[in-house]
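Hello,

Here is the structure I promised to pass on to you. Have a look at it first, and then read on for what turned up in it.

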Amino acid sequence: MNIQQQEQSWGSLFKELALLLFIVFLVRTFGFGLYQVPTGSMETTMLVGERFFADKFTYLFSKPQRGDIISFNDPTFAYSKNPIVRTYQEYVGWPIWPFGPANWTKRVIGIPGDHVKGVIEDGKPVVYVNDKKLDEPYLNKYPLLVVNAEEGVSVKSYDPKISDMDQPFYRIHPQEPVCVRPDIMVGEGITITPERRILKEPGKPISPMSGCSARRNAGWNGTDEYDVTLGQDNYWLMGDNRQGSKDCRVVGPIDGRLIHGKIVFRIWSVDSEESWWIVDLIKHPVDFWSRMRWGRFFQKVN
């Protein structure tokens, strides 16, 4: 093979590779997506460490509906004012600052034109959509165990009727959930167990969430009391784990252009916070398999 033939061969290979990457980009951007759950905001519907398949194609021709579990771009991300850069951030950029926003996952509570109102009734938060009380069987019914209580940085769904070793959602290490300063956590919906563990009880109003930039006259203020009429392309999204979800109660209505997929199927589930499962497997080749939640593989998500 002479030099000219070699150049033609390499040129052909480059064109084929570029075409393949372009096709992958189109399918990944407009067809379907694969997502990992990074937080517990959708517990127990979705757990940290689970991987999901999302349908993006449907939303090209229809709008999200109430009850859909969706993936969308972080609404607090500082998007560029340059339309080209913003398009890159929304559709291409990796979810690592400054290239692009992270993915959030919540449930659609209100769609454009809806009147969404949150109130406290008999000490419990309740949602009304168009003056009709919302039935929410998907809400997390388990208390949240506060881990690293001194900082209060992590919570996990926990069944107090079951031993630590047999927990259905996360493996609990006895040394982790010790309450060093119970006085800093005492409040409505907070229980201190005889073992000095902190439990955030489900079905209780939340305290004002940090990071909320809203004013009361805006209709939302980081609590379970809000009153919003959604605009032409606005959505009200909330996590199923209301005690541990940063959602529209904090950031306000979500622009529809940020929504890019409907979560439809759980592929697999492992109790891990690693972004790349292969890294966890390399670090813990034996323990990794014991953290598999085999009963949560290959399931439709509602």
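Predicted model: local features only at pLDDT ≥ 70, side-chain atom pairs only at ≥ 80, totals over all residues.

The phi angle of phenylalanine 298 is positive, about 50°, although the residue is not a glycine. For background, most residues other than glycine have a negative phi, and most peptide bonds are trans. Phenylalanine 298 is also exposed, since its relative accessible area is 58% and the exposed class begins over 50%.

Asparagine 130 has a positive phi as well, about 55°, and is not a glycine either. You will find asparagine 130 in the loop between strand 6 (124-129) and strand 7 (132-133). With a relative accessibility of 39%, asparagine 130 counts as partly exposed.

One more backbone detail belongs here. The peptide bond that leads from glutamate 43 to threonine 44 is cis, with omega near 0°. Threonine 44 is part of the loop between strand 1 (32-36) and strand 2 (50-55).

**The aromatic rings**

Phenylalanine 298 brings us to the aromatic residues. One aromatic cluster is formed by Trp268, Trp277, Phe288, Trp289, Trp294, Phe297 and Phe298. A pair of aromatic rings is described by the distance of the centres and the angle of the planes. Counting rings whose centres lie within 6.5 Å, there are twelve aromatic pairs. In one of them, the ring centres of tryptophan 268 and tryptophan 277 are 5.7 Å apart and the planes stand at 90°, so this pair is edge-to-face. Tryptophan 268 is buried, at 14% relative accessible area, whereas tryptophan 277 is partly exposed, at 40%.

The rings of phenylalanine 288 and tryptophan 289 make another edge-to-face pair, because their planes are at 85° and their centres 5.2 Å apart. Here phenylalanine 288 counts as buried, at 1% relative accessibility, and tryptophan 289 as partly exposed, at 44%.

What does tryptophan 277 touch, not counting residues up to four places away in sequence? The contacts of tryptophan 277 are Arg51, Trp268 and Phe288. Tryptophan 277 itself lies in helix 4 (residues 277-283). Its C-alpha atom is separated by 8.7 Å from that of glycine 49, a residue 228 places away along the chain.

**A buried strand**

Is strand 3 (residues 69-73) largely enclosed or open to the outside? Five of its five residues are buried, so strand 3 is largely enclosed by the rest of the structure. Ile69, Ser71 and Asn73 point one way from the strand, while Ile70 and Phe72 point the other way, and all are buried.

Strand 3 has antiparallel partners that you can trace in the model. Five bridges link strand 3 with strand 4 (residues 103-110), and the two run antiparallel. Three bridges link strand 3 with strand 15 (residues 259-269), again in an antiparallel arrangement.

Strands of a sheet pair through backbone hydrogen bonds, either parallel or antiparallel. In this model, four strands form an open sheet in the order 9-8-11-10, with antiparallel pairing. Which strands stand at the edges of this sheet? Strand 9 (154-157) and strand 10 (190-192) do, and each has a single partner strand, so one side of each is left without a neighbour in the sheet. From one strand to the next, the twist averages 35°.

Inside that order, strand 8 (residues 144-147) and strand 11 (residues 198-200) are joined by two bridges and run antiparallel. Leucine 144 has lysine 200 as its bridge partner in strand 11.

How values were computed:
Residues numbered from 1 in each chain as written. Heavy atoms only, no water. Phe/Tyr/Trp six-rings, centres within 6.5 Å; stacked < 30°, edge-to-face > 60°. Buried < 20%, exposed > 50% of the residue type's maximum accessible area, 1.4 Å probe, protein only. Contact = heavy atoms within 4.5 Å. Pairing = 2+ DSSP bridges. Axes fitted to C-alpha atoms, helices over the stretch in contact; angles between N-to-C directions.
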